[in-house]
Amino acid sequence: MTAPVLRRPSADESPAIAGLIAEAFAPLPVSGWLVPDPAARRAVLAGNFEIMVEYALTFGLVYVTTDRSAVAVWFPRDGEPPPPPVDYDVRVERVCGEWTDRFLHLDDLFDANHPHEAHHHLAFLAVAPDRQGTGTGSALLRHHHARLDAKGMPAYLEASSTRSRDLYLRHGYEVGPPFRVPDGTPFWPMWRRPQQPPAR
């Protein structure tokens, strides 16, 4: 497979990128807990993800493929923390409605389990369903991992499925004990130490 060409998106692409993440994440078990109504799930997820994509375009690092079939959203945690998203709670309530408490509960779980050591946080890695398994997600990972390895910087993420957990294990992440949302659905915290390139 030819390696995908990656680019940095513009601010006006945030709705489309959020929609891509929602499409990829809607089948996950945790998405069923967050939004129990299947008819509403994708739209609610997209509205919530758009808040974070907009934020990442200012305070993080977002990479998309040229055809916008895959995206990685990273947040550097290696200096002074950025200000929180403007009117975050109000915006979450506006887009999540009756399920707002579930999204805020998940935010609290993520915060409680987040490491304090300097690192880059992979908030989202999403690939369109018809492109999954083609190596596109791995290409996005390798792209940013190369930069992190050159800086000696670790990476952290929360894997939301056994499939994604196993993908990250293949890319040098170590898995910790899972934490769970109230219905028992697990997230696996994963940490990747910076790696040296193979000797020539």
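**Figure 1. Leu 167 is a buried residue of the predicted model.** With a relative accessible area of 16%, Leu 167 counts as buried (buried means under 20% relative accessible area, exposed over 50% and partly exposed in between, with a 1.4 Å probe and protein chains only). Leu 167 sits in helix 7 (helices are DSSP runs of H or I with at least four residues, strands are runs of E with at least two, and both are numbered from the N terminus). Apart from its neighbours within four places in sequence, Leu 167 is in contact with Leu 125, Ser 138 and Leu 141, where contact means heavy atoms within 4.5 Å. Between the C-alpha atoms of Leu 167 and Leu 45 there are 23 Å in space and 122 residues in sequence. This is a predicted model, in which local features need pLDDT of at least 70 and side-chain atom pairs count only at pLDDT 80 or more, while totals for chains, interfaces and linings use all residues. Residues are numbered from 1 along each chain as its sequence is written, and side-chain values use heavy atoms, with hydrogens and water left out.

**Figure 2. Ser 160 and Ser 161 lie in the loop between strand 5 and helix 7**. Strand 5 covers 155-159 and helix 7 covers 162-170. Ser 160 is buried, at 14% relative accessible area. Leaving aside neighbours within four places in sequence, the contacts of Ser 160 are Leu 28, Pro 186, Phe 187 and Trp 188. Ser 161 is buried as well, at 17%. Residues up to four places away in sequence not counted, Ser 161 touches Leu 28 and Trp 188. A polar atom of the Ser 161 side chain lies 3.0 Å from the backbone nitrogen of Ser 164.

**Figure 3. Helix 1 and helix 3 cross at roughly 130 degrees, and their axes come within 7 Å**. Axes are lines fitted to C-alpha atoms, for helices over the stretch in contact, and angles run from 0 to 180 degrees between N-to-C directions. Helix 1 is therefore oblique to helix 3 (angles under 35 degrees count as roughly parallel, over 145 as roughly antiparallel, 65 to 115 as roughly perpendicular and the rest as oblique). Helix 1 contributes Ser 14, Pro 15, Ile 17, Ala 18, Gly 19, Ile 21, Ala 22, Glu 23 and Phe 25 to the contact, and helix 3 contributes Arg 42, Leu 45, Ala 46, Phe 49, Glu 50, Val 53, Glu 54 and Leu 57. By class, these are 11 nonpolar, two polar and four charged residues (Ala, Val, Leu, Ile, Met, Phe, Trp, Tyr, Cys and Pro count as nonpolar, Asp, Glu, Lys and Arg as charged, and the others, Gly among them, as polar).

**Figure 4. Helix 3 (residues 38-59) packs with helix 4 (residues 88-96) at an angle of about 155 degrees**. The two axes are 8 Å apart. This angle makes helix 3 roughly antiparallel to helix 4. Their crossing is right-handed. From helix 3, the contact involves Val 44, Gly 47, Asn 48, Ile 51, Met 52 and Glu 54; from helix 4, Tyr 88, Arg 91, Val 92, Val 95 and Cys 96. Seven of the contact residues are nonpolar, two polar and two charged.

**Figure 5. Helix 4 and helix 5 (residues 100-113) pack at about 135 degrees, with axes 8 Å apart**. The two helices are therefore oblique to each other. Tyr 88, Asp 89, Val 92, Glu 93 and Cys 96 of helix 4 make the contact with Thr 100, Phe 103, Leu 104 and Asp 107 of helix 5. Five of these residues are nonpolar, one is polar and three are charged.

**Figure 6. Arg 68 and Asp 87 each have a positive phi of about 55 degrees**. Neither residue is a glycine. Arg 68 belongs to the loop between strand 2 (61-65) and strand 3 (70-77), and is partly exposed at 34% relative accessible area. Asp 87 belongs to the loop between strand 3 and helix 4, and is exposed at 53%.

**Figure 7. Ala 11 lies in the loop between strand 1 (6-7) and helix 1 (14-25)**. Ala 11 counts as exposed, at 59% relative accessibility. The C-alpha atom of Ala 11 is separated by 19 Å from that of Val 92, which is 81 residues away along the chain.

Conventions:
Left-handed = near helix turned anticlockwise from the far one by under 90°. Polar contact = N/O pair within 3.5 Å; in protein donor to acceptor, adjacent residues only side chain to side chain.
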